[in-house]
Amino acid sequence: MTRPLTEERVHTAIRSALKGFATEPELASLDPGENLRAAFELDSLDFLTFVERLSLDLGTRIDETDYGELTTMDSTTGFLLSRG
């Protein structure tokens with residue numbers, strides 16, 4: 001059974017999906033409105049990896065048309081909570 005999506009669960013999943021692209025201190029100091037791709041210099045493949053990790057971790061389908069919703073911690077959280 002999947003755990004219900006809460007803001008805390010989504011934040012944990014986002015941070016986990018960004019591991020390897022950012023250090024723990026970088027993740028901890030991330031402004032919730034900061035652009036994730038710019039902050040961690042994610043290229044297209046890195047971003048796809050991030051999306052795949054999120055999708056698998058949360059059991060939520062994320063389509064290419066949804067990528068515009070995944071720009072910041074806040075927007076990604078709002079998007080994922082609306083889907084869960």
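Predicted model: local features only at pLDDT ≥ 70, side-chain atom pairs only at ≥ 80, totals over all residues.

Q: Why is Asp66 called buried?
A: Its relative accessibility is 12%, and buried means under 20%; Asp66 therefore counts as buried.

Q: What makes the contact between Asp66 and Arg83 a salt bridge?
A: The side chains of Asp66 and Arg83 meet at 3.1 Å, N to O, and the criterion is a Lys or Arg side-chain nitrogen within 4 Å of a carboxyl oxygen of Asp or Glu. Asp66 lies in the loop between H4 and H5 and Arg83 in helix H5, so the pair ties together parts 17 residues apart in sequence.

Q: How are Asp57 and Arg9 classed, buried or partly exposed?
A: Asp57, at 31% relative accessibility, counts as partly exposed, whereas Arg9, at 11%, counts as buried. Their side chains meet in a salt bridge at 3.5 Å, N to O. This pair links distant parts of the chain, with Asp57 in helix H4 and Arg9 in helix H1, 48 residues apart.

Q: How do you know that the buried residues of H4 line one face of the helix?
A: The buried residues of H4 are Phe47, Phe50, Val51, Leu54 and Leu58. Seen down the axis of H4, they fall within an arc of 95°, so they line one face. On the other side of H4, Leu45, Glu52 and Leu56 are exposed.

Conventions:
Residues numbered from 1 in each chain as written. Heavy atoms only, no water. Buried < 20%, exposed > 50% of the residue type's maximum accessible area, 1.4 Å probe, protein only. Helix = DSSP H or I, 4+ residues; strand = E, 2+ residues; numbered from the N terminus. Arc of directions from axis to C-beta.
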